2 protein chains.
Amino acid sequence: MTAAYKRVALIGLGLIASSMAHAMRQFGLADEIVGHAKSAESRKIALEIGLCERVYATAAEAVQGADLVVLCVPVGAMGEIAAEIGPHLAAGATVTDVGSVKGAVVEAVAPHMPQGVHFIPGHPIAGTEHSGPRSGFATLFRNRWWLLTPLDGADRDAVARLRGLCEGMGANVDEMDVAHHDLVLAVTSHTPHLIAYTMVGVAEHMRRVSNSEVIKYSAGGFRDLTRIAASDPVMWRDVFLTNKDAVLDILGRFTEELFVLQRAIRMGDGEHLHAYFTRTRAIRRGIIEAGQDTSAPDFGRVPLGGGEGKT
Amino acid sequence: MTAAYKRVALIGLGLIASSMAHAMRQFGLADEIVGHAKSAESRKIALEIGLCERVYATAAEAVQGADLVVLCVPVGAMGEIAAEIGPHLAAGATVTDVGSVKGAVVEAVAPHMPQGVHFIPGHPIAGTEHSGPRSGFATLFRNRWWLLTPLDGADRDAVARLRGLCEGMGANVDEMDVAHHDLVLAVTSHTPHLIAYTMVGVAEHMRRVSNSEVIKYSAGGFRDLTRIAASDPVMWRDVFLTNKDAVLDILGRFTEELFVLQRAIRMGDGEHLHAYFTRTRAIRRGIIEAGQDTSAPDFGRVPLGGGEGKT
């Protein structure tokens, strides 16, 4: 496969952009990678560790002459960036994004895209709890799904080319309608993050259970929630503000379900609890069979030394 | 260190018992390990893979002559087992348990313990989502906390000896009051499991989002919850039925917190969300510094091949 693009401009240099840079380089998918980040420190690091050949202080400069522009900024910052780069985009260029919400991105970005530029919204379902230009790695997208949500009348050649790039980085690609994407992600990502944040918040606010106890005895399940509740706060603020309707819909269902289980606990209805807990096991098996998680116990965590007490 | 106990009887041969068997053997902590499981299949496996020197079809037989008896059955089964073994316990023996709830276990077990037997309730905060006699491994307790909740007037020598066994298997030991244990665990383990089960249940019930979509696109956070929602249903049913008050208390706080965040989303209060999501990061850092989780991104999961699509 020859390089998918001649010049890729990464706008925003966090976890996804830096992972794309590593992957595109490793798999020979871009002749040239340039970038922009708002923070001078991030631009400096990107050059130091060789993410980009060149970095620019403004997005407008970075996109010039690029045949692929990837918007890797928090969802709430997409509109302003789109307005800035619109007049500087090369004719025939493809613009995509990696935002976790698609409806709001389309609304914010599409109006600024000039005639002859292909705007193809996208979302790689991959990430870690780390952020910033040093957090990326080439295998982040391997066997993960990359959703593209092309708009009506999208140029099929441009979509195919972008799909080739994603697949070249190891991802599986599906196409999906914008609204359906936002609902699916509200279920599989946004609401799970919110309840994880909430549970960690509850633990932090308790007076009768100290923070040090919460931390020491976290291996009983709590620590799993703290990982996803350690994700980037700006990114997640924007997700909830911009996918409000779908998240509120799923939260409503979640609360209903929780109340039914809570009532079963209160009434001592063991049969209901047992049946519920048995059904949910099947979903875990499905995820492992689909190659979306490891079957190794405890995610394959290695027991750790260090920390308090004896090791 | 010489062997902590001459004969250890494991009652119930699931994840915790089988891990104890491996660990006691590896670290030379018991001269002899015998066991009982209700299921003939589990007893057969335990002999086959060498967990126990001998297995017995009844708990009453298994405990005879043992200087340590470990009750490793679901919390709801403890009372019946205690009644059965009571008359057969050796004078001076220690009886402990590994249940995730302590108040209900004390209530169910203590009345059946004869004079001269040391009943010291315990709880290793360690586990995986797997269960059964094949799921154990010797390092399960390494650097994990093992809580002991000795009753008033407990024999300090017997407690010290049990502590030595737990530490010998790599655990850190803390002593705690029974009621406080149940509250702490409601925060760090029981409620997190319930909300994970709930979220997985919500995903399963959606009609507009198919199960196959939930599974395919689970890497955005959902899959983390499915691991803890794949734990043993009987064990968890019993936890919720027997730690009802503490769990309902924490669930009430959880719902309050969730409603406050839900309202912030509805009102578009980005500042509130950002501040909340920033605070919860600190707890994650604390857990990593305390050696209770790995700092490797994504729990150190190895990217997987296989599954749907290209690899």
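**Aromatic contacts in a predicted model**

Ring pairs join A:Tyr197, A:Trp236, A:Phe240 and B:Phe277 into a cluster. Rings of Phe, Tyr and Trp (its six-membered ring) pair if their centres lie within 6.5 Å; planes under 30 degrees apart are stacked, over 60 edge-to-face, and the rest tilted. By this rule there are 11 aromatic pairs over all chains.

This is a predicted model: local features need pLDDT of at least 70, side-chain atom pairs count only at pLDDT 80 or more, and totals for chains, interfaces and linings use all residues. Residues are numbered from 1 along each chain as its sequence is written, chains are lettered from A and ligands numbered from 1 in the order in which they are written, and side-chain values use heavy atoms, without hydrogens and water.

**An edge-to-face pair**
- The ring centres of A:Trp145 and B:Tyr217 are 5.9 Å apart and the planes stand at 90 degrees, so this pair is edge-to-face.
- The pair crosses between chains, from strand E8 (residues 145-148) of chain A to the loop between helix H8 (211-216) and helix H9 (222-228) of chain B.
- Helices (H or I, at least four residues) and strands (E, at least two) are DSSP runs, numbered from the N terminus.
- A:Trp145 and B:Tyr217 are both buried (under 20% relative accessible area, with exposed over 50% and partly exposed in between; 1.4 Å probe, protein chains only).

**A stacked pair**
- A:Phe277 and B:Tyr197 are stacked, at 4.0 Å centre to centre and 20 degrees between the planes.
- This pair also crosses between chains, from helix H12 (residues 270-289) of chain A to helix H7 (residues 178-205) of chain B.

**Charge over a ring**
- The charged end of B:Lys216 sits over the ring of A:Trp145, 4.5 Å from its centre (NZ of Lys or CZ of Arg within 6 Å of the ring centre and within 35 degrees of the ring normal).
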